[in-house]
Amino acid sequence: MNVRETKRNLYKCLNDSAEANGVVFFGSDCFAGIPFGELSRDFCVDTPVYNRSIRGLSVYDAEKLLPECVYQLKPAKVFVNLGDADLANADFDLNRFLAAYEWLLYTLHAHCKSQIYTVSVLSGHPMAARANEGIKQIAKSAGCAFLDISDALNSDCQEVQVFQHIRHHLRTHAIDFAEAFQIASAAQ
């Protein structure tokens, strides 16, 4: 059994105890290395957060994993971060990659009612900027939000920097006074 199948089976088991209407992170290397649960607690995010990312996941293989990684969770929001593994391939084709990314977003929209955020590729690859510009355009035409995290590439603590870009979008309900006070206190 390969790593993807092992993760898929693990996620099936974990999904049995997951709460609906939370937030799902679905991606490859960048997202797979971020402890979203821990960071969510540290920054007082009270929305259930699930990281269903897999190292080395290509945009071309992502659709096959959507049932276990996204649909079963019935999330309110999905954050997609794919492309770092694709850029690492010697035969990377930007147009083919963007077509596959667009199809993935279409498939997500067709199968779940979640708000979808596309997150820029975090890579020093020479094609990363062009890939991110393409993802941004696809996100706009697909009705998704686009979050640019590319400045985290130069951070000493990339994981926290990426989370800082995303955390304001995690809330699935309106903030009340007590929560605002709690967030302000934690920021000091």
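Reply: Buried means under 20% relative accessible area. Keep in mind that this is a predicted model.

Me: With that cut-off, how many residues of β1 are buried?
Reply: Five of its five residues are buried, and β1 is mostly covered.

Me: Which residues sit on each face of β1?
Reply: V23, F25 and G27 are on one side. V24 and F26 are on the other. Both faces are covered.

Me: What about the sheet? What is the strand order?
Reply: The order is β2-β1-β3-β4-β5. Those five strands form an open sheet with parallel pairing.

Me: Which strands stand at the edges?
Reply: β2 (49–51) and β5 (145–147). Each has a single partner strand, so one side of each is left without a neighbour in the sheet.

Me: How much twist from one strand to the next?
Reply: The twist averages 20°.

Me: Back to β1. How many bridges does β1 make to β3?
Reply: Five, with the two strands running parallel. In that pairing, V24 stands opposite V78 of β3.

Me: And how many bridges between β1 and β2?
Reply: Three, also in the parallel sense. F25 has N51 as its bridge partner in β2.

Me: Then β3 and β4. How many bridges there?
Reply: Four join β3 (residues 77–81) to β4 (residues 115–119), again parallel. V80 stands opposite T118 of β4.

Me: Which strands does α6 touch where it packs on the sheet?
Reply: β3 and β4. The direction of α6 makes about 160° with that of β4.

Me: Switching to α4. Which of its residues are buried?
Reply: In α4 (residues 59–69), the buried ones are V59, A62, L65, L66, E68 and C69. They cover an arc of only 160° around the axis, which puts them on the same side of α4.

Me: Why would spaced residues point the same way in a helix?
Reply: An α-helix has 3.6 residues a turn, so residues three or four places apart point the same way.

Me: What covers that buried side of α4?
Reply: The cover includes α1 (3–15), β1 (23–27), α5 (84–87) and α6 (94–111).

Me: Now the largest nonpolar core. Which residues touch the most other members?
Reply: F26, V70, V80, L82, F97, Y101 and L108, out of 36 residues. At least two residues come from each of β1, α4, β3, α6 and α7 (128–142).

Me: Which element gives the largest share?
Reply: α6, with eight residues.

Me: Pick V70. What does V70 touch?
Reply: Leaving aside residues up to four places away in sequence, V70 touches V24, F26, L65, P75, V78, L108 and C112.

Me: How many residues are in the second core?
Reply: 20, and that core is separate. Among them are F36, Y117, L147 and L170.

Methods:
Residues numbered from 1 in each chain as written. Predicted model: local features only at pLDDT ≥ 70, side-chain atom pairs only at ≥ 80, totals over all residues. Heavy atoms only, no water. Buried < 20%, exposed > 50% of the residue type's maximum accessible area, 1.4 Å probe, protein only. Arc of directions from axis to C-beta. Contact = heavy atoms within 4.5 Å. Pairing = 2+ DSSP bridges. Axes fitted to C-alpha atoms, helices over the stretch in contact; angles between N-to-C directions. Core = buried A, V, L, I, M, F, W, Y, C linked by side-chain atoms within 4.5 Å.
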